[in-house]
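The sequence and the model come first.

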Amino acid sequence: MDETKCHIAMYPWFALGHLTPYIHIANMLAKKGHMISFLVPRNTQYKLEPFNHHPNLISFVPIKVPHVEGLPLGAETTSDVPSSLHPLIMTAMDKTEKVVESLLQDLTVDVVFFDLAHWIPNVCRRIRVKSVNYCTIPPVTVGYVFSPARRINWSKGISESDLMHPPVGFPWPSIKFHAHEARNFTARSNMKFGSDITLVERAYIALIQSDALAYNASRELEGPFIDYLQTQFRKPVLLAGPMVIDPPNTTLTENLSTWLDGHNPGSVIYIAFGSECALTTAQFQELLLGLELTQMPFLAALKPPVGTDSINDAIPNGLLERLEGRGLVYGGWVQQNLILQHGSVGCFVTHCGWGSLSEGLVSKCRLVLLPNGGDQIVNSRIMSEVYGVGIEVKKGEEDGVFTKMDVFEAIKKVMDEDGEVGKEVRDKHEKIREFLLNKDVKSAYIDTELNMSNSIEALAMAGVDYNEWGMDFDEWERMEMMAPPPPHLYADEYEDEDEDDDYKQDEYEFDEKHIHGDGDGDDDGIKYLKGGDHDRSELIGKVVAMIILILREPLNLFIGFTYNPETF
């Protein structure tokens, strides 16, 4: 390994909502001089190539995706199949383990970034390199769902009642799942998701076995949640700063550009639910009818509803004729980043995937939040309840169904220039947008010594004498169980509902004591992160301590900005 630079491999889940954030983090690390080998399904590579801003350092390594019985021939990613077949895409990815191990050995990498391929940490130990669980969902969601404080047997899944309450010590206890959200989340997350393992167990193993966690996140906006992860998982949390996605090296397709150019500034509603989300036909129609009620032009980029082959099969009768060109329903892949930056687009109705929210926050579009499930639920609550930058569409508490009037009312509120709600949302959105686009913020995470790049170099160096290589998951888990847990894990389960009220949100504001400890001379953070008396070498201890010091130094020193819920 070069004295200062690393060779980093990346192997994200075969979904565009995961592949795209990975190419952006690859660009950030390549800017610092690191070499990136990006493992990607062979026929999907072309979709990522326009986002590769450092082709001299970022190389795509095509992976032949094995065929799995039940998948269409040639299917590689989740966008190629309906959601019911996503577990088989995961099975296909799992079948690449031996090929990937061989490739990683031949490439002589130092660190591997991954997310849902839970077997990567064991592969990395066998070839003596480090693994980083770079998660495309934010720290708040990981902390809410997967906190070890829940004390769950993950092989049996997570229950609806578990999700109805945040885990012990969670920094924002008002964030909770509604009944229908908990029911839908558990139904999907507890099912087998490739290779006879549930989705939640797969995700938990990936988190607990990796050498470090990494996120597109900043201490200014997510400080309390990052600290919570560090104390819970007892390992370094590497930060890349807030996700500000660079536009692709392309222009909008002519048909979309021409259509958008024909409308007034800020007048178009853009609706997109990512590459995986498909509504029922009834909800698809309610959404379009709600858009019609606004009397505003709209561009809806949506997957065909569940059980249909084409969006045209589900468009309400007579709708397109009534719209007379005012609405465009598009069933193909679109250049979302470029659409959101177009001057005519003024409102973004989003499913609340973290990548889409990141693009929406740096645009001038008003945000309407319509989460479909999974991590999108917590993402939506963060945007609406914590930051106050968007309006969530109301749904039935038990059935989770929304009506056309629910859609219409949410858009009306957020787009009302004179209304109190619209003004408040607009002002808070603008403050966060200014923060995210602040060059000093980006440089603090990328160009200074306090950045993910240096942390990765330190992590890779720690591999010289790492005594945990070669362990399988059972051995790793036994070792973790021997270590004493953080004090808060001794707490009893919730005894009654009133216990929630004991947590005060302002106790978790990002301040100097929160970062540096209580001033008694003990480095509390380092003790938490070491997580017990593991027999590590002196070198490892020093390197881990260095990583922690890098991560815990407040960026306020550079930009004079401190996380405070009241600010947003």
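## A buried pair between helices

Arg 381 is buried, with a relative accessible area of 2%; buried means under 20% relative accessible area, exposed over 50%, and partly exposed in between (1.4 Å probe, protein chains only). The model is a predicted one, in which local features need pLDDT of at least 70, side-chain atom pairs count only at pLDDT 80 or more, and totals for chains, interfaces and linings use all residues. Residues are numbered from 1 along each chain as its sequence is written, and side-chain values use heavy atoms, with hydrogens and water left out.

The partner of Arg 381 in a salt bridge is Glu 181, with the closest N and O atoms 2.5 Å apart. Glu 181 belongs to helix α8 (residues 179-189) and Arg 381 to helix α16 (residues 375-386), so the pair ties together parts that are 200 residues apart in sequence. Glu 181 is buried too, at a relative accessible area of 5%. The helices (H or I, at least four residues) and strands (E, at least two) named here are DSSP runs, numbered from the N terminus.

## Other salt bridges

A salt bridge is taken as a side-chain nitrogen of Lys or Arg within 4 Å of a carboxyl oxygen of Asp or Glu. By this rule the model has 13 salt bridges. Side chains of opposite charge can pair when their charged atoms come close.

One of them joins Asp 94 and Arg 202, whose closest N and O atoms are 2.7 Å apart. Since Asp 94 sits in helix α3 (residues 86-94) and Arg 202 in helix α9 (residues 199-209), the pair ties together parts that are 108 residues apart in sequence. Asp 94 counts as buried at 8% relative accessibility, and Arg 202 counts as buried at 0%. Within helix α18 (residues 420-436), Glu 430 and Arg 433 lie three residues apart, about one turn of the helix. Their salt bridge has its closest N and O atoms 3.7 Å apart. Glu 430 is partly exposed at 32% relative accessibility, whereas Arg 433 is buried at 15%. A network of salt bridges links Glu 97, Glu 101 and Arg 126.

## Cysteines

How many disulfides does the model have? The count is zero, where a disulfide is a pair of cysteine sulfur atoms within 2.5 Å. Cys 365 is in no disulfide, and the nearest cysteine sulfur, that of Cys 347, is 7.5 Å away. Cys 365 is buried, with a relative accessible area of 0%. Cys 124 is buried, also with a value of 0%.

## Two loop residues

Thr 44 is in the loop between β2 (35-41) and α2 (45-48). Thr 44 counts as buried, at 5% relative accessibility. The side chains of Thr 44 and Glu 76 are joined by a polar contact of 2.8 Å. A polar contact is a pair of N or O atoms within 3.5 Å; within protein, one must be able to donate a hydrogen and the other to accept it, and residues adjacent in sequence count only if both atoms are side-chain atoms. Leaving aside residues up to four places away in sequence, Thr 44 touches Leu 16, Leu 19, Glu 76 and Thr 77, with contact meaning heavy atoms within 4.5 Å.

Is Trp 333 buried or exposed? Trp 333 counts as exposed, at 52% relative accessibility. Trp 333 is found in the loop between β10 (327-330) and α14 (336-340). From C-alpha to C-alpha, Trp 333 and Gly 274 are 9.3 Å apart in space, and they are 59 residues apart in sequence.
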